[in-house]
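Hi,

Here is the structure I promised to pass on to you.

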Amino acid sequence: MARLRVALVDDSERIRARLAEMLGEIPNVEIAFAADTEGEAVRLIAQQEWDVLILDLQLRVGTGLGVLKAMQGLRSRDERVAMIFTNYGFRQYRGRTLALGADYFFDKARDFDALRAAVTERAAQAAGS
C-alpha cells in the first residue's frame with residue numbers, strides 16, 4: 001500500500017502545524033517536507049519525493065506563483081498534484097494559479113474542509129493502487 005506524501009509550503013508556522021495535525025488524522029498520509037520560502041520549496045520539490053503539494057501564495061520570501069512557475073520545468077504530467085491554499089481567494093488568483101499548473105484552489109477562510117476532503121480522496125486512491 002503506497003502512502004500519500006504531502007509537501008507543505010506556507011509562510012506561517014502555525015498554518016503548517018495545523019495542516020500537519022489535520023493530515024496526521026488521515027490514514028495513509030505522511031509529510032514529505034515543509035518549506036516557508038520560494039527558493040527552499042523549489043529546491044525540495046526537485047529533490048524530494050512527493051505526491052501532493054499544498055502551497056500558499058504568500059511566502060516568507062518569494063511567492064507561490066514563483067513556485068508554480070519553477071515547477072513547470074520540473075513537473076511532468078504525472079499523478080502529482082498542486083493544491084493552492086491561500087488567504088487570497090480571489091477569482092484572478094484562481095485563474096492565474098490554474099493556468100500555471102495548480103490542480104486545486106482553496107481559500108483558507110472557507111475551504112479547510114474541502115482541502116481535507118481532497119487530500120483524503122487522494123490518500124484513498126494511493127492506498128488502492
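Which residues does Leu-59 touch, not counting residues up to four places away in sequence? They are Val-9, Asp-10, Asp-11, Asp-36, Thr-37, Glu-38, Gly-64 and Val-67, where a contact means heavy atoms within 4.5 Å.

Before going on, a word on the source: this is a predicted model, in which local features need pLDDT of at least 70 and side-chain atom pairs count only at pLDDT 80 or more, while totals for chains, interfaces and linings use all residues. Residues are numbered from 1 along each chain as its sequence is written, and side-chain values use heavy atoms, leaving out hydrogens and water.

Back to Leu-59: you will find it in the loop between β3 (52-55) and α3 (64-74). Its relative accessibility is 2%, so Leu-59 counts as buried (under 20% relative accessible area, with a 1.4 Å probe and protein chains only). Val-9 is 50 residues away from Leu-59 along the chain, yet their C-alpha atoms are separated by 7.9 Å.

Now for the whole protein. There are five helices and five strands, arranged along the sequence as β-α-β-α-β-α-β-α-β-α; these are DSSP runs, with helices being H or I of at least four residues and strands E of at least two, numbered from the N terminus. Among the 129 residues, 46% count as buried. Of the contacts with a separation of 6 or more, 64% are between residues 24 or more positions apart. Finally, the C-alpha atoms fill a box of roughly 35 × 30 × 25 Å along the principal axes.

Enjoy exploring!

Terms used:
Buried < 20%, exposed > 50% of the residue type's maximum accessible area, 1.4 Å probe, protein only.
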